[in-house]
Amino acid sequence: MESMLSTGKMRIQRETEGLEGAEREAKIADIKATIASDKAKALAAGGLMVIGTERHESRRIDNQLRGRSGRQGDPGHSAFFLSLQDDLMRIFPVDSMDSMLGKLGLEQGESITHPWVTKAIERAQGKVEARNFDIRKNILKYDDVMNDQRKVIFEQRIEMMNAEDISETVVDMRHDVVENIVAKAIPPRSYPEQWNIEQLEAAAKTYLNIDIPLKEWAAEEGIDPEIVTERLKGAVDEAATAKEASTIAAMEAAGSPNPTIMRQVEKSILLQSVDGLWREHLVTLDHLSKVVGWRGIAQRDPLNEYKQEAYELFQSLLANLRELVTTQLSHVVLQPRPVAPPTPDLSRLQETHIDPLTGENDADGGDTIADSLGAVGSDPSLKPIDPQLLIGVSRNAPCPCGSGKKFKHCHGQF
C-alpha cells in the first residue's frame, strides 16, 4: 500500500542514519522484511478501513478520505456515520428530509442507510460549497479594489526611482498645497473682509515655512483669491530657490561641493513619504473591509460602499503625500559634514620597553611614543597621551587627555 511504502522509506532513512557498508544494507533488508510482513497482514485483514464520524462541508475532502482506503488498487473500505444534529444538516437542512423519513417509516435512533438520505447530504454539501464560493468571489472583488490602487502607487514609485530629477513633481506638489490652503481659508466669491487671514498665515508657516503679509494684501484694491494664490506660489518658489542656493554655497565652503544635493534630498523624502503613507493606507483598507459588511443592515451594498470609501481614502492619501513632502522640504536644513582632523603619522613609531629596575630604555632607534608627542604638539604644558587616542576625534569633542578643553584647543591645535 502506498501509505505504508512511503512510511517505510522514511523509516529506512531514519533508522539507517549514520550506518555504512554491510551494516546499512543488513538494516535495510530487515526493515523491508518487516514492512512486507505488515503489508501481508493488512491485505489479509481486508486492507485499510476508513471510518468517518461526520461528513465534511466539502465533497472533495470526503473523496480524499475515501481514496486513502483504496490507493493503486489495494483493497480497503470506508464508512461514514452522520447525525441529523451535525452542523452540516443543522445549518443547511434539506426541506424534504422530514417527509422522507416519514415515508421510510424509521423509528427513533434507527440507522439510516437509504440512498435518498445520501443524496440529501450531497445537496447540503453543494449548498455549503456554493456559499463558500460566493464568499471567495466577494473577497476577490475587495482585493481587486486594493490591487488597482497598488498598481497606481507602484507605477508612480518606480518612475520616481528611475528619474534623476523629480524637481518638477515637487514643484507641482508645492503648488497644489498652496491652492489647497488658499481654498480652505478664502471661500469662493467672498470679500477680503470674509477671509480667514489667521488660518492662511498659520498654514503658510506650517506647510511652506514662509511669512506672508496677508493683511496688507487683503487691504489692496481689487485683490482676489487668484492673485493671492499666484503671489503665494511665487513666494514659496523664491524661498525654495534661495534655500537651494545657500545649501550649495555651504557645501562648497565646507570643501565638499555637491550641486545635486537638493535633488537627492527631494527624491529621498518623496520615496520615504510614499512608503510610510502607503503602509498606513493598507492598514486602513484592511480595517474598512472587516466592518463595511454592516452596511448591509441599512440595505446598502457593502462592496459599493467599500469602493466609494476606498477611493476617498486614496484621494486623501495623495493629498497627505503632497502636504508631507512640501512640509518636510520647506523645513529641512542641510548642514555640511565637518572635516575630520588630520591623522598623525604613526609609521615611524616603535614599541618602547623600560626596565622597571634600571629605568633604561631598550629601544634601538626610531621614534618612541613619547617622542611622537612632540610631533603632535610642541607645547610642553600639554599632558602626554598615546597618539592612538587622537585618531578620529572631532574638533569640538573633549580632548582625550582629560584636560577639559576641546580637542581643537588642546592636542588638536597642531
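**Questions on a predicted model**

Colleague: What share of the contacts with a separation of 6 or more joins residues 24 or more positions apart?

Modeller: In this protein, 60% of the contacts with a separation of 6 or more are between residues 24 or more positions apart. Contact means heavy atoms within 4.5 Å. This is a predicted model, where local features need pLDDT of at least 70, side-chain atom pairs count only at pLDDT 80 or more, and totals for chains, interfaces and linings use all residues. Residues are numbered from 1 along each chain as its sequence is written, and side-chain values use heavy atoms, with hydrogens and water left out.

Colleague: How many helices and strands are there?

Modeller: There are 13 helices and 2 strands. Both are DSSP runs, numbered from the N terminus: helices are H or I with at least four residues, strands are E with at least two.

Colleague: Why is Val50 called buried?

Modeller: Buried means under 20% relative accessible area, exposed over 50%, and partly exposed in between (1.4 Å probe, protein chains only). Val50 has 15% relative accessibility, so Val50 counts as buried. Across the 414 residues of the protein, 29% count as buried.

Colleague: Where is Val50, and what is Val50 in contact with?

Modeller: Val50 is in strand β1, residues 48–52. Leaving aside neighbours within four places in sequence, Val50 is in contact with Leu65, Arg68, Ser69, His77, Ser78 and Ala79. Phe80 is 30 residues from Val50 in sequence, with 8.2 Å between their C-alpha atoms.

Colleague: What makes His175 buried?

Modeller: The relative accessible area of His175 is 19%, so His175 is buried. His175 is in helix α7, residues 167–185. Leaving aside neighbours within four places in sequence, its contacts are Lys233 and Asp237.

Colleague: Which phi does Asn209 have, and why is Asn209 called partly exposed?

Modeller: Asn209 has a positive phi of about 60° although it is not a glycine. Most residues other than glycine have a negative phi. Asn209 is in the loop between α8 (197–208) and α9 (214–218). Its relative accessible area is 31%, so Asn209 is partly exposed.

Colleague: Why is Gln299 called exposed?

Modeller: Gln299 has a relative accessible area of 73%, so Gln299 is exposed. Gln299 is in the loop between α11 and α12. Gln299 also has a positive phi of about 60°, although it is not a glycine.

Colleague: What makes a space a cavity, and how many of 30 Å³ or more does the search find?

Modeller: On a 1 Å grid over the protein atoms alone, a cavity is a set of points where a 1.4 Å probe fits but cannot get out. The search of the whole structure finds 1 cavity of 30 Å³ or more. The largest cavity has a volume of about 30 Å³, where volume is the space filled by probe spheres set on the points, joined across faces, edges and corners.

Colleague: Which residues line the largest cavity?

Modeller: Lining residues have an atom within 4 Å of a point. They are Ile153, Ser273, Val274, Leu277, Trp278, Leu317 and Leu321. Helix α11 gives the most, with 4 residues.

Terms used
1 Å grid on protein atoms, 1.4 Å probe; cavity = no way out; pocket = protein on both sides within 12 Å on 5 of 7 lines; lining within 4 Å.
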